[in-house]
Amino acid sequence: NIKNKNNVPLCIPTNTGYRLGNYKIRVFPNRTSELYNQDRELIHSFNNKISAVLYTIYTMKMNYKTADEILFWDKEINKNYTDILAMRSMRDRARAKKDYEMFDIRQTRLELAQNQLDLARDKISKIHKQAKYFKVWE
């Protein structure tokens with residue numbers, strides 16, 4: 001692990017993202033991030049770099065409960081975002097075919113997925129604020 005004299009992991013910017021201890025975070029233009037371990041194996045594709053950095057810090061500090069919570073809510077965000085895109089497409093096709101029963105079903109499922117996405121984003125935002133308040137990187 002790359003650490004400073006106080007045994008705190010260093011976050012070093014690189015051309016493609018960040019290096020945090022033995023972990024590498026690759027940041028993409030669409031603001032998603034991929035986290036790789038020391039063996040260059042993909043751990044997870046995160047919705048944003050803050051979640052990737054905090055997951056790494058919590059993992060390195062052996063606070064696995066919070067790290068798992070970040071991973072869980074990030075997976076929920078990814079799943080619900082994908083569901084929203086699919087439901088919008090299916091809803092629009094049903095409207096074009098004038099299949100109003102299917103349109104109503106897809107619209108209801110779209111609203112449920114949107115509510116679940118908002119909940120997941122709220123939960124991850126609370127974790128981010130809590131980490132900032134407690135300065136977990138120190």
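Me: Which residue does the side chain of D122 meet in a salt bridge?
Reply: This is a predicted model, in which local features need pLDDT of at least 70 and side-chain atom pairs count only at pLDDT 80 or more, while totals for chains, interfaces and linings use all residues. Residues are numbered from 1 along each chain as its sequence is written, and side-chain values use heavy atoms, with hydrogens and water left out. A salt bridge requires a side-chain nitrogen of Lys or Arg within 4 Å of a carboxyl oxygen of Asp or Glu. At 3.5 Å, N to O, the partner of D122 is K126.

Me: In which helix do D122 and K126 both lie?
Reply: Helices are DSSP runs of H or I with at least four residues, strands are runs of E with at least two, and both are numbered from the N terminus. D122 and K126 are 4 residues apart, about one turn of the helix. The element that holds both, residues 100–134, is helix α3.

Me: Is D122 buried, partly exposed or exposed?
Reply: Under 20% relative accessible area a residue is buried, over 50% it is exposed, and in between it is partly exposed (1.4 Å probe, protein chains only). D122 has a relative accessible area of 37%, so it counts as partly exposed.

Me: Which residues are linked in a network of salt bridges?
Reply: The side chains of R91 and D92 meet at 3.4 Å, N to O. D92 also forms a salt bridge with R95, where the closest N and O atoms are 4.0 Å apart. The linked residues are therefore R91, D92 and R95.

Me: About how many helical turns separate R95 and D92?
Reply: Both residues belong to helix α2 (residues 64–96). They are 3 residues apart, so the separation is about one helical turn.

Me: What is the relative accessibility of R91?
Reply: D92 is partly exposed, with a relative accessible area of 35%. R95 is also partly exposed, at 44%. R91 counts as buried, because its relative accessibility is 15%.

Me: Which residues form a positive surface patch?
Reply: Patch residues have over 30% relative accessible area and no salt bridge, with like charges joined within 9 Å and nonpolar side chains (Val, Leu, Ile, Met, Phe, Trp, Tyr) within 5 Å. Areas come from the Shrake-Rupley method with a 1.4 Å probe, and for residues only the protein chains shown count as cover. Lys and Arg count as positive and Asp and Glu as negative, with His and the chain ends not counted; the charge is placed at NZ of Lys, CZ of Arg, CG of Asp or CD of Glu. The patch consists of R19, K24, R26 and R40.

Me: Where is the place of K24?
Reply: K24 is partly exposed, with a relative accessible area of 35%. Its place, within residues 23–27, is strand β3.

Me: How far apart in space are N15 and R26, C-alpha to C-alpha?
Reply: N15 lies in the loop between β1 (11–13) and β2 (17–20) and counts as exposed at 85% relative accessibility. In sequence N15 and R26 are 11 residues apart. In space, the C-alpha distance is 8.9 Å.

Me: What radius of gyration does the chain have?
Reply: The radius is taken over C-alpha atoms, and the globule rule is 2.2 Å times the number of residues to the power 0.38. For 138 residues, a compact globule would be near 14 Å. The C-alpha trace spans about 65 × 30 × 20 Å along its principal axes. The radius of gyration of the chain is 19 Å.
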